[in-house]
Amino acid sequence: MNRDSLRAFLLLAPALLTLGVLFLGSLVPALLQSFGYFPAAGLGEPTLRFYREIIAGPEFVPSLLFSLRVSFVSSALAVFLGTILALLLDETGKGERIEALLSSIPIIVPHTVAALLVLNLLSRTGILARVLFSLGWIASPAEMTALVFDRRGTGIIAAYLWKGTPFVAVVVYVVLRNIDGRLRETALILGASRMQALRHVALPLLMPTLSSTFVLLFGFSFGAFEAPFLLGPTFPRALPTAAYSAYLNPDIASRPYSMALIAIITAIAVALVYLYSFLSARKEERI
Amino acid sequence: MNRFKEIGGRVIPGILLLSLLLLSPVQPLSANEWESVLNSSRGTRVTFYGWGGDPRVNSWLDTFVALRLKERYGLSLERVGMDIGEILNKLLSEKTAGKSDGVIDVVWINGENFFAARQNGLLFGPFTGSLPNFRDFVDAEAGDVAFDFGFPTEGFEAPYGKAQLVFFRDAARLERPIGGHADLLKAAKLHPGEITYPAPPDFTGSAFVRTIICDIVGREKIASLPADKDVLRVAVAPAMEFLSEIKPYLWMNGESYPASGSQIKNMFEDGEILLGMSYTPFLAPGKVKTGEFPESTESFVFEKGTLGNTHFLAIPFNASNKNGAMVLINALLDPEAQASKYDPAVWGDLPVLDPARLPPERNALFESIVVGKGSIPLRTLLEKRVPELPATFIPILDEIWRETVLR
Amino acid sequence: MKRGCSLASATLFLFLLALLLPAAVLAVWSFTLRWPWPGLLPRAFSTDQWSAFFSLSGGAFEIVGRSALLAGGVTVLSLLISLPAAKALALLSFPGKRIVEMLVLAPVLVPPISYAPGMHALFLRIGIADSFTGVLLSHLVPCLPYGIRILTNVFRALGETLEIQARVLGASPFRAFFHITLPLIAPGIASAGGLLFIVSLSQYLLTFFLGGGKIVTLSLALFPLVKSGERPAAAVWSIVFILVSLSFCLVLEKGVKRYSSSTETFFLS
């Protein structure tokens with residue numbers, strides 16, 4: 001090991017130790033349990049039956065599709081709207097101050113509060129419904145379209161959008177400022193219109209940031225517990241909600257079922273870690 | 001025997017506890033022994049874990065009970081609100097990991113959860129025979145004390161209060177009275193999207209489903225069946241058909257159900273739904289008084305009755321302060337405490353004490369409680385009280401509901 | 001470049017409104033006694049929820065204090081662990097760097113539901129379940145990735161040259177760090193610290209699992225209220241949450257500004 005490697009190892013030791021013990025050390029037993037290795041409950045034989053029963057069960061596929069869908073839609077929309085917001089900030093030149101404001105409120109607000117806000121605004125007796133009532137568009141809460149607790153997960157998507165859009169806007173704005181200046185000026189001098197400068201210069205340079213941010217939002221929302229638990233439908237349950245519910249089973253020998261669900265969530269998350277890492281590396285190459 | 005070995009290994013609160021436990025549960029503690037329990041627990045803290053979804057119940061425990069414990073017994077009370085499913089899960093994990101000094105001293109529990117706790121050896125006991133107030137004021141042989149959802153309590157849990165499923169409606173908008181499931185269906189058709197019930201396994205929602213089952217199929221037919229999913233599925237099929245029939249007229253077209261009774265209460269308050277239900281019989285009158293529910297709210301039960309049960313207090317196997325736990329539970333069985341929580345302005349939970357065993361002046365405490373406008377007279381409640389189904393049925397019925405009605 | 005396009009300004013305004021209006025509704029709910037359908041404003045106001053919050057029997061101050069202490073402790077510990085790690089990742093190359101980077105990133109995408117049960121079992125065996133220490137340690141997992149990430153960018157931007165120069169001129173590693181590097185990375189530490197505080201304060205599942213209900217933080221008090229729909233009480237706790245976060249970030253920023261202006265730095269980026 002050369003000197004640099006030794007130095008690196010020493011500097012990284014606290015972090016690696018912490019994450020190794022607390023993070024990996026917590027995942028491994030769960031994984032083992034999911035394969036049926038749970039001596040404390042009298043289970044010693046490795047088996048795939050917990051996975052098989054869960055996956056073949058009537059709730060798994062709907063839950064998986066629900067989680068994937070909600071994460072995809074909310075992350076894609078957040079990236080789209082956030083980019084527009086960043087461009088608007090750039091356009092109007094009010095950037096700095098507003099960026100500070102934006103970056104503070106929704107980032108400070110936790111998911112639980114975001115869920116509360118969605119309930120206050122979008123539930124059948126929420127502010128939106130009351131405004132529609134006063135405009136004469138609906139006559140009672142029952143006539144209001146269900147935007148929360150619905151099977152499409154609209155409320156959950158709204159909560160993620162509220163938190164995700166400012167986040168994307170801030171990230172994109174920073175990158176935009178960095179690459180913007182001279183490149184766009186050059187394009188304009190060379191005769192391109194604003195739209196062309198945007199499409200052919202700025203956007204391609206933003207792509208790595210956009211794609212990695214999308215993966216980040218997707219991954220985070222996929223495994224998040226609070227928003228789907230508070231705003232989700234009774235069926236299908238988001239995967240983390242289903243895993244939690246299975247975990248509460250009073251029969252200890254049924255633990256492996258919830259561990260199997262957790263393992264599936266973890267596997268998908270790990271795949272996303274790889275993806276994000278790959279996309280981020282590409283970003284560094286570009287710049 | 002395993003239980004005794006575990007308990008035998010503890011040193012604090014020491015020899016006293018050991019001798020307490022080795023005594024036969026039927027033999028009462030001598031005055032000296034209870035005195036020792038009181039003394040050794042003085043100055044300690046006792047932690048109470050139970051459902052925290054009703055702010056008034058929390059408030060009563062945090063103020064009246066905590067103060068009383070402090071003043072009379074020198075105990076400080078710490079209350080933690082947690083759903084029983086999560087409490088049992090915690091105890092189960094602790095038992096699996098061999099944790100012998102748990103943070104939970106008293107658990108608020110009943111029904112299928114008590115059954116599951118006993119199955120897994122999560123409770124300490126028997127202990128009720130050691131409590132003076134239990135011996136003096138509770139009829140230990142009574143069906144709803146000796147049995148919890150048909151499962152023998154055997155001194156492992158002490159009664160705390162009695163609950164009954166009660167409905168309430170906004171009589172100004174839902175004008176016709178509802179006597180049973182047929183009226184309920186009619187009401188739902190007249191007011192689509194404005195009626196719902198909590199999804200099982202929430203305990204209120206689960207009780208509602210069971211009430212419907214009793215209303216349609218009849219309790220006697222079901223109660224004697226074996227706890228087998230396939231047998232029960234066939235037996236309760238008419239009730240499930242009814243719930244599927246009413247489904248499209250419910251809130252959210254019956255595709256989603258509120259997650260808890262607390263949500264139902266808030267939705268009723270908002271005017272989003274016209275009908276609600278609660279295990280606390282005098283919830284609605286109390287809320288009308290504070291102005292949270294509309295004046296036109298009326299409580300009612302089905303003609304054929306609604307489910308009633310007793311809820312209990314138990315001590316986990318690994319409680320760190322078992323003496324303090326027993327003092328707390330004993331204090332909650334005191335007639336004054338029971339009367340205090342019976343007051344609908346406070347909680348409205350029915351007392352578990354046997355009137356025949358109360359001296360007249362203590363009985364007067366209960367008679368003096370005024371129940372309130374729009375509520376159901378106690379006599380009616382008791383007449384229309386249907387005993388619960390066996391504990392083992394509950395998770396099975398919850399699953400059947402989820403499979404047949406929800407999806 | 002700055003055309004003062006009114007369409008853009010209007011759209012921007014709408015965006016900001018959509019983002020901030022919900023917060024305003026929250027404030028109204030905290031003073032609500034009754035707000036039945038279909039009122040656009042509450043029918044009855046009351047300060048009951050706020051007085052209940054400030055009353056002593058509720059234990060609210062204890063919860064706020066404990067939450068701040070916990071999040072603060074997590075922040076400090078995370079920074080101590082992140083600083084050296086970030087330096088290594090930013091400035092050094094070594095075999096297995098890619099894997100380390102992914103491990104450090106992982107807890108952002110691998111959710112608490114994945115590791116909370118396993119961690120609870122682990123802590124039960126060590127004997128720190130249901131304890132403040134246990135919860136504090138558990139929060140390190142979601143926090144470290146953010147700390148390391150931000151500080152890595154800071155170190156990368158800073159480079160090593162200044163510190164190397166100081167060492168060449170005879171300063172010990174500690175002096176070089178404290179007098180050269182630290183003042184320059186102080187703003188970066190401040191933004192990392194603010195974020196770490198918020199991430200820790202926001203944790204619900206971890207605090208619930210590892211604290212066993214005994215360690216009550218703002219998130220733990222808030223969650224059941226939102227779940228059962230007790231909106232006035234939930235609104236009060238939400239506002240308190242936001243205020244605590246903002247206060248910390250402000251204090252941190254002020255502190256760093258004072259520190260930065262009090263140390264003399266001749267080379268600024």
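Start by selecting B:Glu298 and B:Arg169: their side chains meet in a salt bridge, 3.3 Å from N to O. The term stands for a side-chain nitrogen of Lys or Arg within 4 Å of a carboxyl oxygen of Asp or Glu. B:Glu298 lies in strand 10 (residues 297–300) of chain B and B:Arg169 in strand 8 (residues 166–170) of chain B, so the pair ties together parts that are 129 residues apart in sequence. Strands (E, at least two residues) and helices (H or I, at least four) are DSSP runs, numbered from the N terminus. B:Glu298 counts as partly exposed at 36% relative accessibility, while B:Arg169, at 7%, counts as buried. Buried means under 20% relative accessible area, exposed over 50%, and partly exposed in between, with a 1.4 Å probe and protein chains only.

This is a predicted model, in which local features need pLDDT of at least 70, side-chain atom pairs count only at pLDDT 80 or more, and totals for chains, interfaces and linings use all residues. Residues are numbered from 1 along each chain as its sequence is written, chains are lettered from A and ligands numbered from 1 in the order in which they are written, and side-chain values use heavy atoms, with hydrogens and water left out.

Three strands of chain B form an open, antiparallel sheet in the order 9-8-10. Its edges are strand 9 (275–278) and strand 10, each pairing on one side only. From one strand to the next the twist averages 25°; axes are lines fitted to C-alpha atoms, and angles run from 0 to 180 degrees between N-to-C directions. Strands 8 and 9 of chain B pair in the antiparallel sense over four bridges, where pairing requires at least two DSSP bridges between the strands. Select B:Phe168 to find its bridge partner in strand 9, B:Gly276.

Move to B:Arg45 and B:Glu78, a salt bridge with the closest N and O atoms 2.6 Å apart. B:Arg45 is in strand 1 (residues 45–50) of chain B and B:Glu78 in strand 2 (residues 76–81) of chain B, so the link spans parts 33 residues apart in sequence. B:Arg45 is partly exposed at 49% relative accessibility; B:Glu78 is buried at 15%.

Then show chain C. B:Lys265 forms a salt bridge with C:Glu230, at 3.4 Å between the closest N and O atoms. B:Lys265 lies in helix 14 (residues 261–270) of chain B and C:Glu230 in the loop between helix 10 (218–228) and helix 11 (231–262) of chain C, so the pair joins two chains. Both residues are buried.

Finally, select B:Lys229, B:Asp230, B:Arg233, B:Glu399 and B:Glu403, which are linked in a network of salt bridges. Over all chains, the structure holds 36 salt bridges.
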